[in-house]
Amino acid sequence: MISSCPICNVQVLTAELQWHANAHFDDDQLQTDMELAHQIALTQSTPNPLLLDTHQECNNLFAGDPHAQGASSSIAGSSSLQGSVLDEQVSCLLQAQLRSNVQEIQGGVMNLLRACLESEAGSSTSMISGRVDHYQSLSSEDKGWGCGWRNIQMLSSHLLKQRPEAREALFGGSGFVPDIPSLQRWLEIAWDKKFDTLGSSHFHNKVYGAKKWIGTTECAALLRSFGLRARVVDFDSTESSGPHSKNGKHAPKRVQGPMDKFLIKNVSPTSTSSELCREDAENMRGQQVLVDWIWNYFASRHSDNSDSSRRVLVSDKTPLYFQHQGHSRTIVGIQKQNGQRGNQDRFTLLILDPGHRTSDLERALRSKTGWQRLVKRGVHTLRKPQYQLCYVDPGIASSEEMEQLKTIDSILVRF
């Protein structure tokens, strides 16, 4: 005899129903079960024919189908859609884009993080961003390749909640964070508008439906296409940084200014103990360049100027899209532990990782147990030779500035 599970609606043997239902309350299986239930709901629901028509129309427009409404044969064969077809793409996507699923945390993840930081012993000061939602990679959607898109979603969630001008501009004023396929469409539109043409050629101008890794420049191009002032900063300890980076996508500009005092020469990789000690010391100095920049970034604008004695200050700056080889995460703040007895201050990055499950993050923060393992990253963990950051300055660009924003020039800071 077959019965339906009251939790996920899966059909199971009646004799196994109780065991199956109880399994839903196993913490290790909860997220997998929710994803399975979501997939089943999608397959069992009756498709909306109007929505299907809208998606088909969008697919035709983005594919350059000559039978798509408003498209001519001369435009359809073009690699860069212009004029009315581009407008139709935007109009169609406004109707077809879907809100991304996100696990809501009661009270907000940043409020829980703030409470944890304030409860810690010792003398420390933390700078954190305002409201941010945590978007996790899902095995059924983007596990292994979607961290970049999830970081865009986290950054977008902040912009939509904290900056009214961004809320009006982003994603056609929809007011929500789109899912990954919709974000892929928006990035293709940015490329068609000539944002980051060098970077788009790396993807052959197509990313929709592809399981391709993206980085800070794709994030910047997408946000800039809405008029937002997204910036990219390169931190590099290699000798080979020249006109182009290793992937051939960018030409970083050498930073000139206060950060130059941190510029150091690379040590020759010989094997003597004294040279290795010097190399370790200089690596530490290089890591300090990065954390000093991040501290100054969050500290430059915060809402609690009237009370500098508070242990946790909320910055007006956006979170940082944090990219390095093999992974990307979102930096939502930084903590400085004051040095004692002449010791130097110690810095710790505060990070939301799309590779972590939101339920695990919420449980740890709410119980104030084990949250440091999920959120904190010390300077000693920064062992990559190159890092990239993306952030968003306030305001909306003018039409003249928009033309300048189409070229993604990063600022280069040498380790």
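1. Leu 183, Trp 186, Leu 187, Ala 190 and Trp 191 in helix 9 are in contact (heavy atoms within 4.5 Å) with Glu 218, Ala 221 and Leu 222 in helix 11, where helices are DSSP runs (H or I, at least four residues) numbered from the N terminus. Sorted by class, this contact comprises seven nonpolar, no polar and one charged residues.

2. This is a predicted model, in which local features need pLDDT of at least 70 and side-chain atom pairs count only at pLDDT 80 or more, while totals for chains, interfaces and linings use all residues. Residues are numbered from 1 along each chain as its sequence is written, and side-chain values use heavy atoms, with hydrogens and water left out.

3. The axes of helix 9 and helix 11 (residues 216–224), which are lines fitted to C-alpha atoms over the stretch in contact, come within 9 Å and cross at roughly 75 degrees. Helix 9 is therefore roughly perpendicular to helix 11, a description used for angles of 65 to 115 degrees.

4. Among the buried residues are Arg 185, Glu 188 and Asp 192. Helix 9 is followed by Lys 194, which has a positive phi near 75 degrees.

Technical notes: Axes fitted to C-alpha atoms, helices over the stretch in contact; angles between N-to-C directions. Helix = DSSP H or I, 4+ residues; strand = E, 2+ residues; numbered from the N terminus. Parallel < 35°, antiparallel > 145°, perpendicular 65-115°, else oblique. Nonpolar A, V, L, I, M, F, W, Y, C, P; charged D, E, K, R; others polar. Buried < 20%, exposed > 50% of the residue type's maximum accessible area, 1.4 Å probe, protein only.
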